[in-house]
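Student: I have a new structure to go through. Can you walk me around it?

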Protein chains: 2
Amino acid sequence: METAFSADVFNKSLPINQQCNLISHNIVLNHGDVESKRAEIKSYFNQTFDLYEALFETLANDEAFYLRPCSLRHPLIFYFGHTATFFTNKLVLAKLLPKRINPQIEAMCAIGVDEMSWDDLNDAHYDWPSVQAIRNYRQEVRAAINQLIDQVEFTMPINWQSPLWPVMMGIEHERIHLETSSVLIRQLPIESVLPSPLFPLCPLQDVSAPNNTLLTVTAGDININHQDPAQYYGWDNEYGKHHAHVQAFKASQYLVSNQEFFEFVEAGGYENSQYWDEEGNRWRTFSPVKHPSFWLQKDNKWYLRCMTDEIAMPWSWPAEVNFHEAAAFCRWKAEQTGKPIRLPSEDEWLRLRDFSQALDYQDEANCNLQMYASSTPVNGCAAGDFFDVIGNVWQWTQTPIYPFDGFKVHPLYDDFTTPTFDNQHNIFKGGSWISTGNEINGHSRYAFRRHFFQHAGFRYIESKAEVQTEFSTYETDGSVAQYCEFHYGAEYFNVPNFAKTYAQHAINIISTDRDFSHRADLRVLEVGCSVGRACFELATYFNEVTGLDFSARFIRIANQLQTTGSVLYTIPQEGEIMAFKEQKLRDLGLAKTASKCEFLQQDASNMKPIFTGYDMIIAVNLLDRLYEPKKFLQDVAHRLNDGGLLMLASPYSWDETFTQKENWLGGYKDGQSGENVHTLESIEQLLSPDFAMLGAPQDIPFVIRETQRKFQHTMSQLTLWKKR
Amino acid sequence: METAFSADVFNKSLPINQQCNLISHNIVLNHGDVESKRAEIKSYFNQTFDLYEALFETLANDEAFYLRPCSLRHPLIFYFGHTATFFTNKLVLAKLLPKRINPQIEAMCAIGVDEMSWDDLNDAHYDWPSVQAIRNYRQEVRAAINQLIDQVEFTMPINWQSPLWPVMMGIEHERIHLETSSVLIRQLPIESVLPSPLFPLCPLQDVSAPNNTLLTVTAGDININHQDPAQYYGWDNEYGKHHAHVQAFKASQYLVSNQEFFEFVEAGGYENSQYWDEEGNRWRTFSPVKHPSFWLQKDNKWYLRCMTDEIAMPWSWPAEVNFHEAAAFCRWKAEQTGKPIRLPSEDEWLRLRDFSQALDYQDEANCNLQMYASSTPVNGCAAGDFFDVIGNVWQWTQTPIYPFDGFKVHPLYDDFTTPTFDNQHNIFKGGSWISTGNEINGHSRYAFRRHFFQHAGFRYIESKAEVQTEFSTYETDGSVAQYCEFHYGAEYFNVPNFAKTYAQHAINIISTDRDFSHRADLRVLEVGCSVGRACFELATYFNEVTGLDFSARFIRIANQLQTTGSVLYTIPQEGEIMAFKEQKLRDLGLAKTASKCEFLQQDASNMKPIFTGYDMIIAVNLLDRLYEPKKFLQDVAHRLNDGGLLMLASPYSWDETFTQKENWLGGYKDGQSGENVHTLESIEQLLSPDFAMLGAPQDIPFVIRETQRKFQHTMSQLTLWKKR
C-alpha cells in the first residue's frame, strides 16, 4: 500500500483523459450568433450521441444488453433506445419533427426509466428490439436531428420557447442517462462488461485513506435568482429565487472514504436499528444489507466493483452509499464523537462550495470524464482546504428537493421534476466522475429516492442548526387544490375574486358602522374559512382575525400560507393533464398583515365557548355544508360583542351529503304545514330574537374552476345582521 | 212506486232549500269597488265557515269525529281542523298573518288530506285534539281572518298577486272540503250520523227510472282562454288556453241511474274481467266489489247509503261509482248494443254543456245545496233535451287532467294540481248537489284518482272518435329536465342559447360553402342531439334533419316536442322546491319546420350503415360522452357526401364514468411516449386522412342550470372540417 501519496502529485499527474474528445463543455445559450451557435449545438449533440454509444461499448456482448442490472429495472437495451426515443417524442410534441421515426421502437423505449413494479417487468410483455436495430434507429434519429439543427430557424438567446430548447433538452437528457446507465452497467455481472480505454480506471487504488477532520465553514447567505433566459440549459427545478442564511458549521475535509466507512460496518452499524430512521430501517431489513452495495467480500478480503472492473478495496476512495447508509453513518459518528454530526443541507453544501471557492477548482476535479472513469482517492482533488467539493462522487444532503420561488414546469416536460416534490427524493450535489453538461453547470439540482444507488457518497458536517426536511408538496387533493385556485388563483368570466369581495364588503360595513368605525382593535371570526383567503384580506383591516374550518385538509393550507407565504397545487387542465400553480401572499399584498390571523380546526355546529368577544362574525358558503346549521345560527349571537355584525352568505345548495334533510333550513315542504320553506325565511326567523337585518340581501357571484373549460358558476346570497 | 213523475212538476215543486243562507254565489273578483268587495268577501268567508261547521253537526257525537270513514283516511277531526289550518298556513306564507295561531293543532291538521300509507295512519302517531279544541281554534282563525279582511289594503281587480287571493284560496279550499267531508261522512257508520234539517234528503225516492236514450250532440269547437285576472277565483289548472274540435256524438239523455246500472250488476259485470282495464281489474280484485260502494243489500233488498240516511234503493237516482265502474259499464253496454259506447272526454262534456246550454239552467240544477243534500231522480233537472248536465252527481270523463297551454302554478300553492298531472287522475265534470263556489263556476277542473269515490256517476256517449288519455306529464327526471331547460329555457349570465348558437353557426357555414350554398335539398345529421333544440333550429334551413341520441330518455323529449309542440318539466329552485316550466316550439318560432326532423335512438359509437348521404354532420358535446369516441370519428367520413361538412364541439371533459381511460382521445400521458396528449391533436390525427380543418377552433360557452343559484359554465371547443 502506498502511504506517501500526496494530493499535489496526484492532481498534476493524472488527467490522462483530458485530451479525449469525450470531454465536453456546456453550451452558452444566451450569447453568440445564430450560425456559430447552430454549429456548437450540432457538435455538442453529436458528441453526446457518440459518448452515449461509447459507454455501451463496455458491454461484453449483445446478451449483456438484455440482462437486468437490478430486478426492478429494464435491461440496458431499453436505455440504449430510450434517449433517442426521448428526442423523437419531444420533437414530435414540439412539432419540430413531422412524425415518429420508428413507432415500434419508440413504443418500447419511452417509458420505464425508473424502478417499476414486478408486474410491469414481466418479460412476456417485452419483445425487445435487437441491438443492431437500436443502433440503426439511433442513426436515423441522429440524422433527423442533425438535419433539424441545420435547418431550424431560431434567434438568440435560446430560451424556453426556442425551437432549439427541446434539442438541448434531448441532449442533456441523454447526458443524465450516460451517468445512470454507467451505474446500471456497474450493476451487471462482471463477465458481461469489458474495460475500455475510453473509460479508464484510476490506478491509485492502493493508497491509504487520510484521517478525516472537521474544518470550519463560516456563516453566509445563499442568494439564488435564476431566470430564463439563462447562460446554460437548465431543468425546471433550477429556476426561480431562493434566499437562505446559513449558520457557521464544520464540514469534513474529505468525503467519507471506504476506510472511514468500514469503521461503521465493523461497529455493526448495519445491524443496529438506532442508527437508521424509520424509512432507513425498512430498507435495511428489506434488502438486507451489511455493507455498501458495490463492496464485495471474497475469501475474507474486500473488493470494490467499479463500472467495468472488480478491484481490491481502494480504501482511500469515497464510500459509495445511498442516503440511508450515509445518514446512519452520521448518527453513529455523532454517537461516537458526542458531536452533532449529520449530513449537510443543500444550502450548507452550497455554502461550502462558496466558502471553498470550489467552482474555481472544477477543471481539476474528478468530473466531466476529464480524469478517470472511476472514483479517485478522497484526498486527490482539493478546493481550498477541502477536497472533492465538486466531483469524484455525488454527495447526499438532508434536503428533499423542493421548488424555488417562481417555479414553473416546462410545457414539453411537465413531469421532469414535479413528481419528485414529494419529500421522498433527496438532493445530492457536486457530481461524480461521469457527471457532465447540465449536471455540473453550477445550477443543477438532482434528487433521487433515498434508497437509490448512484456514484454517490457523502461528506458529514457538525452543526446544531435545524435542517428543513419537510417542504410543501404540490397539493393534489382535488377539492383542496380546487379551493386554492378559487381563493388565490385566476378570475374567470370576469367574476371578481369571491373571498376578496366579501372580505372587502365586511371591511366596508364595519368601517362605517356607528359602533365600530372609530376603533382600531377589532376582532373578526370567520367560520368556514376554507383555505383562508378572506381571513388574510380581513387582516389588512382587523386587528385580530380567527379563521375556523371543520376540515383539517383545508385549514392546513391557510396555516401553510401563513407560515411559508406560499402554496403549490395542481389543477386539471384536460382529463388528467394538470397545471402546476404557485400562489404567494406577497404577490397579493397580504404578507405583511398575515401574522394577525389564526387558523384553527373547529366544528361550526359545535363551537367551543372560547370563540367569543368578536366584533364581527362571517360565515360564507357555510350554512348549507353544516350538519346542524340551525345550531350554528342559534349559538352565534353570544359570541358577538354588543352591536356586533354577522355576515352570512350561501347559495342554499342543500345536499343530503352534507346535511340531513331534517336539518335543512329551507328548500323543502314543511312536514307540518306542507308549505314551501325558503332558507332566507328560516334564517330571519332564527336570528330575529337577537339581530336586525341590515339592508337588503344581495347576490354575490363566484366561479370555481373544475378544468380549463369547465366551471361552477354560482350566486351566493349575502345578508348582514346587526346584534341588537 | 210513483210512476207518473214529471220533471216539470219536480223542478217547480222542490227547491225547498233555496231560502237557506247556506246557498252561496261566487264572488266577482274583477269588478266592483274595494269596500263593497271587502264586505262581500267577508260575508262569503263567514258563510263558508258557517256552512263547514254546519256540515259537521251531522255527526251524532264527538266520538264520530275520531272514527275512520275509510281505512286509509284520517278521521273527520282532522278535516274539521284542516281547513282552518290551511288558512293559517297560506296567510303566514303570504306574510299576511304575523304568526301561527295554534302551532300544535296546525301541526296535526296540515297534512294528510289524501289517502295515506298504512304506516302514516298508525294511531300511535296521533293524539288528536278534542272537538271543542278545534271549535275554539276555528273561532280564533275566524276572528283573525275577519280582522284581516277588515284591515288589509288591496286594490281591484283581485288577481293572483292580491292579498285577498290567499283569503279566497282558503275559502274555496274549505268549500272543496265541504264536499269531500260530506263523502267521508257518508262513509261513516250510520249510527254515527244524524239527519239535519239543513241537509234535507230528496223525498222523491220511490220513482222509477226513465229509459235512457242517446241524443245527438253536433260537432263544435272548444275555445278556452282563461287568464288572470278573471271573473271568479280559480285554481291554477283552469288558466291558460285550450282549443279543440269535437266531432258530433250521441250522449245519453240522463245520467246512468241505479236502475240502469243494476242491469250491469245483474249481468255479472263485476265478475267479468273483460269489462275492466288493467288498472280496473287490479282495483276490482283488490277490493273486491260486486256493486257500487254506497249500495247495501239486506234481506235480499237493495238500499242506498246517503250522507246521513239509509234508504230503500232510489232506482231513479244516478248510480254513484268510481271511474273504473263507469268505464266497465260502458264496455258492457257497448258489447250489449254493438255501438261504440264509452265515457265522454272532457272536451265532449264541454261540448255537451255548450250544446245543451246547460249553464243557463244552472239555477235549476241540483247543485250549490240549492235543492237537496242528496241526489235526485235523473230525469229531474233538464238542460235542453238533456238532464243533469250540471249538478246531481259529478260525471266521470275519460280525460286525465293535464295543463292548459300557459299553465303556471300559484306560488302559494304549487302542489295543488301539479302532482295530479300524472295520467292517473281523471277529470269529472258538472258538480254534485253539494258542489259550490269554484266547483261550479264554469271554469273549474277537478280530477281524482280513478278508484276514488265521490258523489260521482256518469253519462255515456256513442262516438268513434279517439280520446286522448295520455298527456305529457312533468318531466321530473333530473338530468332530462336539466337539459330541457338547457335547450329551451332561460339564458343565464347573458350566455346565448347554446344549441341555437351552434345550429346557427352550422347554417352560416353551409349556406356560404362553395359546394352547398346553392342547394335547397340539404340533409344534416346531428349525433347526440339530446332533447333536440339544435335539430329544430337546423330544420329552419335544412331540408331534412336527423337527430340521434343514445339515450331514449332524452330523445323521447325531442319526439314529444315534435308531436305535441310542447314539453313540461320541473327544475330545482332551492333544495327540493321545484319550478314548473313549459316550453313550446311555437314560441321559439320552430313549430312550422319541426316536421322536417326525425329523432331516433342510436349508439354513436356503433351507428347503423343507413345513416349516410348527409351534407353535414354535427356532433356537439358528444365525444367525451362516448365509450368509443375514436370509432365515431373513424366511421364518420363515409356518411358524408363529397365536400360534406363536419362540426365537432366538446369541452373535453373526459370522465371514466362515460369513457374508459384507454379510449380517451386526450387528457392523459400517452402510454407509449409518456407525453401529454391533447384531444384536439388526436381529433386532427384521426380526421386528417379524410378532412381538412376549416378556420381555427373557437370556444363557445354554455351554461347548464342546476338550481336557481348554481350553474355549470363551460367552454366547448368547436371545430369545422370539410371532407376532401
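Student: Where is A:N621?
Tutor: A:N621 sits in the loop between β21 (614-620) and α15 (629-635) of chain A. Helices (H or I, at least four residues) and strands (E, at least two) are DSSP runs, numbered from the N terminus. This is a predicted model, in which local features need pLDDT of at least 70, side-chain atom pairs count only at pLDDT 80 or more, and totals for chains, interfaces and linings use all residues; side-chain values use heavy atoms, with hydrogens and water left out. Residues are numbered from 1 along each chain as its sequence is written, and chains are lettered from A and ligands numbered from 1 in the order in which they are written.

Student: What is the phi of A:N621?
Tutor: Phi is positive there, about 50°, although A:N621 is not a glycine. Most residues other than glycine have a negative phi. A:Q357 also has a positive value, near 50°, and is not a glycine. A:Q357 lies in the loop between α10 (346-356) and β9 (382-383) of chain A.

Student: OK, peptide bonds. Which residues does a cis bond join in chain A?
Tutor: A:M156 and A:P157, with omega about -5°. A:P157 is in the loop between α5 (131-151) and α6 (165-186) of chain A. In chain B a cis bond joins B:M156 and B:P157, again with omega about -5°.

Student: How does chain B superpose on chain A?
Tutor: By a rotation of 180° with 0.3 Å of shift along its axis, at an RMSD of 0.2 Å. That is the relation of a two-fold axis. In chain B, the C-alpha nearest the axis belongs to B:Q712, 2.4 Å from it.

Student: Switching to sheets. What is the strand order in the open sheet of four strands in chain B?
Tutor: The order is β13-β12-β11-β14, with mixed pairing. Two strands pair if DSSP finds at least two bridges between them. β13 (446-449) and β14 (456-457) of chain B stand at the edges with a single partner strand each, so one side of each has no neighbour in the sheet.

Student: How many bridges join β11 to β12 in chain B?
Tutor: Three, between β11 (residues 394-400) and β12 (residues 425-429) of chain B, and the two strands run antiparallel. B:W396 stands opposite B:F428 in β12(B).

Student: Is helix α11 of chain B mostly covered or uncovered?
Tutor: Mostly covered: eight of the eleven residues of α11 (478-488) in chain B are buried. Buried means under 20% relative accessible area, exposed over 50%, partly exposed in between (1.4 Å probe, protein chains only). Among the buried residues are B:C484, B:F486 and B:Y488.

Student: Last one: what is the volume of the largest cavity?
Tutor: About 130 Å³. The structure holds twelve cavities of 30 Å³ or more. Of the 17 residues lining the largest cavity, the closest to its centre are A:W349, A:R353, A:G430, A:E439 and A:S444. α10 and β12 (425-429) of chain A each supply at least two residues of that lining. On a 1 Å grid over the protein atoms alone, a cavity is a set of points where a 1.4 Å probe fits but cannot get out, and lining residues have an atom within 4 Å of a point. Grid points are joined across faces, edges and corners, and a volume is the space filled by probe spheres set on the points.

Notes:
Copies are superposed by least squares on the C-alpha atoms of residues with pLDDT of at least 70 in both. On a 1 Å grid over the protein atoms alone, a cavity is a set of points where a 1.4 Å probe fits but cannot get out, and a pocket is an open set with protein on both sides within 12 Å along at least five of seven lines; lining residues have an atom within 4 Å of a point.
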